[in-house]
Amino acid sequence: MAATEATTIEDTPTWIVAAVCSAIVLISFAFERSLHYLGKALERRRRTLYEALLKLKEELMLLGFISLLLVVFQEPIQRICIAESLMGHWLPCRSDGKASSHHGVAAASAAVVSGAGARRLLGEGTAGSGHCSSKGKVPLLSLHAIEQIHIFIFVLAVTHVVLSAVTVLLGLLQMRRWRHWENAIKADGDFGPKMINRAQQFKFIQDRYKGFHKVTMVIIWMRSFFKQFYGSVTKDDYTAMRLGFVMEHFRGHPKFNFYDYMIKALEKDYKRVVGIKWYLWIFVMIFLLLNITGWHSYFWISLIPLVLLLLIGTKLEHIITQLAYEVATKHTAVEGDIAVSPSDNLFWFHSPRLVLALLHFILFQNAFEFAYFIWTMATFGFNSCIMDRLPYRVSRIVICVVVQVLCSYSTLPLYAIVSHMGSSFKSAVFSDDVADNLREWADEARRRTGRAAAGVGCLGAAAGSSRREGITYKTCERGNKRYTVLR
C-alpha cells in the first residue's frame, strides 16, 4: 500500500495523466472564458463593476502566485527542523500529555486531530521527516499541513469575494425603493413660488430633532443606535439629504439624478472593498497566531466586526440627526423643501472615507470567520477540538450571520447616502469618459508644469520638496521668483 501511495508519474499510465490534465485545463479555460464574457458585458453597461472584476482578477492572480510558492517550497519547508519540545507550545488543541505521540521522532509525519480525538497518520517516510529524524528533530511543517494552509488561503479569498458581492447586491436591493423616491421628487418638482413653512412642521425635523437640546447626549446616541435597526433611511431623510447635496454642489441643476450618482459611487467603492490589502493579510497572521486552546480567541475576534458595525451604524444615524438639529436651530422658517448643510466636520477625523476603510475591514474579518469555519468543518469535522466548544461555535456563526445581514440591509445603505454629506463630491458625478479625460488632462498638466519648470531650471537656487495628498511638490527659488513643480 505504501508503494501505491509513493507512485510517481514514471509509474502512472499515460491515459490517466492526460485525462487528469485535460480535465484541469478544461475547467480553467471555462472559468477564464466566463470571466472574459462577464467583463465584456460589464464594460458595456456598468464600467465600475467591470473595474471591480479586474480587481478580482488581480486577487486571483495573487492567490495563484501564493499557491505556486507553497508548491515550490513545500520540500524546503519540510527540511527545516526544530526541536521536538517546541511543538508542545501554543497548540490549537489540547495535547493531553501526548505531545511525544504527536511529534515523536519515530513518527515520519504529523498527526491530525479529527472527530472525537482519533488521529490519522499521513504518508510515512517522506524526505523531510527522514531528514529531521536523523538529527533527532521534527519537521517545521508537514506536507499535509502545507496542503491544508493552501486550501485555507483559497477558501478565504473566495469567501471574501463572494460575501462582498452578496453584501453589495443585497444593499442595492434594499436601496431599490429609493429610485421611486428620486423619480417622485423629480416629477413633483415645483419651480414656481415656494411656500414658507415653520421648520418644526417638516416630518424630517419632527422625526430626528425631537427637542435635541432638551435631552442628554447619551439618550441621543441611544436613539441613533436603535434607529439603525428599523427604518434607517426614510423618504424624508432621503429628500432632505438629496436637496442638501444638490444645493451644495449643483445649485443650478435641481433635477440632478442623485440616486444614479449614489449607486455609481457605491459601485466604485465596491471595487476597493473587494480587494485584499496587504495589511489585511497581517490581521490573518495575527488571528492564526492567537488560535490557542483555552483562549476562545476566534469567538472574541468575531465580536470585533459586530462592535465596529454597530458603532458605524450609530455614527451614520447620528450624522443625520445632527443635520436635522442644525436646520432646526438655524432656521425658524424654511422656504420650500428642507435642505441640510453637508460638512466633513460631521465625520470621524473629518474624513468620510474612513467609514469605507472600516467597512472594508469588517467585511474581510467576517469573511475570515466564515472561511475558517467552513475550512475547519470540511477538514476536521464539526466536532473537532479546533472548532472550540459547542456554545462558542454556535455563537460565532450566529454573530457572522448577524453582521452580514445588518451590513447588507442597514449599514451599507446608510453609508451609501450619508457618505455624500461631506464637503466634496466624488468622481462618480462624471461619466466614465469625462472622468478619464479629466485624469488625462491632469496628468498632462503635471507634465507640462514639470517641463516648464525644468526649462527655467533650479540650478544654483534654493530648493525644497513636500508631499500632499499623494502629490510631490518641488519648490525652488531663483532671484525673486518661486517655481513649483508637480512630480
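**Salt bridges in a predicted model**

The structure, a predicted model, holds three salt bridges. Each is the subject of a close-up below, followed by an overview of the whole protein.

**View 1. Salt bridge between Asp260 and Arg179.** The side chains of Asp260 and Arg179 meet with an N to O distance of 3.7 Å. Asp260 belongs to helix H12 (residues 258-273) and Arg179 to helix H8 (residues 176-187), so that distant parts of the chain, 81 residues apart, are linked. Asp260 is partly exposed, its relative accessible area being 36%. Arg179 is also partly exposed, at 39%.

**View 2. Salt bridge between Arg242 and Glu182.** The closest N and O atoms of Arg242 and Glu182 are 3.1 Å apart. Because Arg242 lies in helix H11 (residues 235-249) and Glu182 in helix H8, the pair ties together parts that are 60 residues apart in sequence. Both Arg242 and Glu182 are buried.

**View 3. Salt bridge between Arg396 and Glu369.** Here the closest N and O atoms are 3.3 Å apart. The pair links helix H16 (residues 390-418), which contains Arg396, to helix H15 (residues 353-380), which contains Glu369; the two residues are 27 residues apart. Arg396 is buried because its relative accessible area of 4% falls under 20%. Glu369 is likewise buried, with a value of 2%.

**View 4. The protein as a whole, with 17 helices and nine strands.** Of its 487 residues, 40% are buried. Among contacts with a separation of 6 or more, 76% are between residues 24 or more positions apart. The protein exposes about 27200 Å², and 63% of this area comes from carbon and sulfur atoms.

Notes: Residues are numbered from 1 along each chain as its sequence is written. This is a predicted model: local features need pLDDT of at least 70, side-chain atom pairs count only at pLDDT 80 or more; totals for chains, interfaces and linings use all residues. Side-chain values use heavy atoms; hydrogens and water are left out. Helices (H or I, at least four residues) and strands (E, at least two) are DSSP runs, numbered from the N terminus. Buried means under 20% relative accessible area, exposed over 50%, partly exposed in between (1.4 Å probe, protein chains only). Contact means heavy atoms within 4.5 Å. Accessible areas come from the Shrake-Rupley method with a 1.4 Å probe; for residues, only the protein chains shown count as cover. A salt bridge is a side-chain nitrogen of Lys or Arg within 4 Å of a carboxyl oxygen of Asp or Glu.
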